[in-house]
Amino acid sequence: MNKPDYNALLRSFWSSPTPIESIEDNTINEVEGDITDFLGENILWQEIVPSQIPNLELMPDNLPPELIEALQKNGITQLYSHQLSALSALRKGKDVIITTTTASGKTLSAYPAILEGCLNKGYRAISFYSLKALALDQFNKISTLLAGIPEATRPKLAMLTGDIKTEERERLLAANPHIIGATPELIHYQLRASWRSEHWSAFFKKLRYILVDESHLYNSVMGASMALLLRRIKLAVDHHGGKSAKLQFIFLSATVGNPVQLAQRLSGRSRDQNRLVLIDKSGAAASEKRLLVLKPSTNANPDAAKIILYLIKQGMSGITFCNSRQAVKSLLGLVKIEAIRQRCQSYEDKVAIFYGSLTSDRRAEIIEQLQSGQIRFIISTEALEAGIDLPELDCCLIRGWPGSIMSFRQRIGRSGRARPGLAIFLPVAQSPLDQYFSSYPTLLLSGEAEQVNFNESYPILLAKHLLCACVETGIPTNKLKRYFGPTAPKVVTALMQQDQIFKGRKGLWAKGFPHKDVNFRGGSSSGTIKLIDADLSGEEFEEMSEDIAFREVYPGAIYRCQNADGQMLNFRSVSLDLDSRKAILKRFADSPTFTVAMTESKTKVEDRLAAPIQIPLSFSNPELSQDKGCTQSQLQLELAWGKISQLVTGYQLLTKQYELTCLNQRCLKYKEPQPSRRNCSSCGKKTREAEIITVISEVKFEKPYQTQFTTPVVQVSLNSKAREYLRDSAAQIRKAMTQKAQVIPADYQQLWEYPSSQIALHSFGHQIMAALPLVVLSSRSDINYIVERIGDGGYYGLFYDCSEGGNGASEAVFQNLTKLASTAAQLADSCDCETGCPKCLQQHGCPQGNKGLLKQLGVTLLKAIPQEPPTL
């Protein structure tokens, strides 16, 4: 069966309508004593988060006796106040969202009521986990609790993930489980088989509870797909004789800015305001925690390595978070080098690395080694940020801003649970976001957490899930809006005109396998690649997504991983076969060389979706407006289909030294090796150990490795009159700065480094993205923006959705630009920063590294657009 023409579907919705200022050297020196003595003047700010005494309640004596006994066998004789509140609400038939702090016992807030329902009334439950590792972790935890219930009455638990083979999955379902734990993707595919499975039919008929763990992760496309999956489950429940109106939703989440809205939109119960209970005050005990914020470091990895070794020497256990797999591996290498330099080689094997592509066995092994004390420190990506239980840790080091206040708080919550904890934030000096939060550290603890947003009514996403529902159970025509909302009839009509959905006596139906077109995670990757050790008879040792494989295991790539003994293994990729979905790697001797993929992004505007919009601009500075023809200034918006391509075109072979060097960026000897010299031979400043990287060679591929996706885009361009005004405006700011400052502040140096129209368009795009969640139901992570050069010497900006087929964000920009502009201008004006900050300008994940940004030029362009009342 041919795929639907999503281009045509979307058309139906749009038819007719100076000197360089150096960064101070803040490298950490070796000093014995307390952590504050060790870090010394590098500490910018510190705060003590006080401890909290527990608010405990008696265990309700009307719980099933076997459940009370099982809890007691696990050492649980009382419940925290928030756990009792959740039990009470669920007994009354309510939905709940629980946003208490990390390690407050959210799991035990949900399961007493679930198990009570299973034991007393034979109810069934689905528990959703966003990651396989999290699902397995929770499986072990719930299994331990269930083991305390006599086997004769014990509710059965089945964990279904992609790692479980079909035969084993069928065996688990045949056992008539009471609770199924699964990833969203697994249930998405299983729904297709439910109509012919008596086991699934029996399960859905008795389904009562739907638990969504780590609900804050369901943002952007993943949130929209999860909301639509839950609607399909409601449909399946009714189809198989159950009552979807009786379903109870349990959401466990980190602290977010909009918890009630998140729960109501995921559950599809926004109209039933009294159904949901928010539980956000924890009754759990919390130990005192000390947060240290350090000065931004130009030498972040070596500094982090020294901190880790110092903490291990003090007998502490902990975790370090980095923002990429490469940073994790590089930091481990530096820990080993620094351990040798400090003559404490026994500590280098006390550190393990953790990231998403490790096998489940290796992940479990690391946690077990941490529990036993064989490992004292883990260096991890965001893979350990949420959910997975870790042993008690003393400290947490965050190397680099993680992208959100919500993530930052999740990470520091990993330390200091039963006893006082330490959290250290090490900002990276090269990152504007790190610089900002080191300047305003109080926001880390007191700033409002980000909101979670998504658009479940976006036509293409909705179309894909409607097709799935029509294949699974069919949709009663008269209940289409009830299940899928007011947009569904128009989407179904478009699909019927393409002969994708048909109307029969029992309602709407479809055929084929539309499930494969749904990508819960968004993006462009189309599968996974297994890493094969050619020297161990073809043993698989990791598995990663295709887009990561293109960047890390292309032929010729050097790839490193850690074995169970803590040793780093060095591999060279021999081949990357997309047909067999395997990368073959051969081991080689340890070497300071490494490879880095050479990448480039390409954007191509293709078919137009709507007629371009010409917006007259009215600039406000009369001095600059005079004789500039500013009444003729215009901004043009064009909505179209675009193709976004990420290419790996080759790689660089590099070598890395850990050597004494000068870290003064204004010195001619900056980052040049100066072995055995205590002071720089050029500027005289003290030398420091740092990573020095040298390019040895470059290799170009005949055919690049490419991931691409097609999605709606909005192109923003300025005519020559508007560019002329912005050029004069930038010149005026430059003149003012040179008159009042001997050294140009770093934030204003952009005016000397980038053309004015590029700065204005780049800043404008970021400011619109910051305002987007305030105006429409979209998230900052739904959309990205890039500025590119055009033939006449000008520039254009390009908004694009971050997922195949789109998510509605770019179209929202096209449709609501005037309101977005007024809201963005208001947001910028109300922000007390001078040149821009993460609240009003800088964006985590900017493709251009947040370079070429200046708040004032963006605001100039925003305020020139005809204004609508702002949404704030």
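This is a predicted model: local features need pLDDT of at least 70, side-chain atom pairs count only at pLDDT 80 or more; totals for chains, interfaces and linings use all residues.
**Figure 1. Strand 29 and its pairing with strands 27 and 28.** Strand 28, residues 783-789, runs antiparallel to strand 29 and is joined to it by seven bridges. Here Arg789 stands opposite Tyr795 of strand 29. Strand 27, residues 688-718, also pairs with strand 29 in the antiparallel sense, over five bridges. Within strand 29, Tyr800 is the bridge partner of Val713.

**Figure 2. The largest nonpolar core, shown around Ile379.** This core holds 133 residues, of which Ile114, Ile379 and Tyr559 touch the most other members. Neighbours within four places in sequence aside, Ile379 is in contact with residues including Ile308, Thr320, Cys322, Val328, Leu331 and Phe354. Apart from this core lies another, of 124 residues, among them Tyr6, Leu235, Phe484 and Ile733.

**Figure 3. The largest cavity and its lining.** The space in the largest cavity is about 40 Å³. Its lining is formed by Asp95, Phe249, Phe251, Ala263, Gln264, Ser267, Arg269, Asp272, Arg275 and Leu276. These residues divide into four nonpolar, two polar and four charged. Strand 9 (248-252) and helix 11 (259-267) each supply at least two lining residues. The largest share, three residues, comes from helix 11.

Definitions and conventions
Residues are numbered from 1 along each chain as its sequence is written. Side-chain values use heavy atoms; hydrogens and water are left out. A nonpolar core is a set of buried Ala, Val, Leu, Ile, Met, Phe, Trp, Tyr and Cys residues joined through side-chain atoms within 4.5 Å. Buried means under 20% relative accessible area, exposed over 50%, partly exposed in between (1.4 Å probe, protein chains only). Contact means heavy atoms within 4.5 Å. Two strands pair if DSSP finds at least two bridges between them. Helices (H or I, at least four residues) and strands (E, at least two) are DSSP runs, numbered from the N terminus. On a 1 Å grid over the protein atoms alone, a cavity is a set of points where a 1.4 Å probe fits but cannot get out, and a pocket is an open set with protein on both sides within 12 Å along at least five of seven lines; lining residues have an atom within 4 Å of a point. Grid points are joined across faces, edges and corners, and a volume is the space filled by probe spheres set on the points. Ala, Val, Leu, Ile, Met, Phe, Trp, Tyr, Cys and Pro count as nonpolar, Asp, Glu, Lys and Arg as charged, and the others, Gly among them, as polar.
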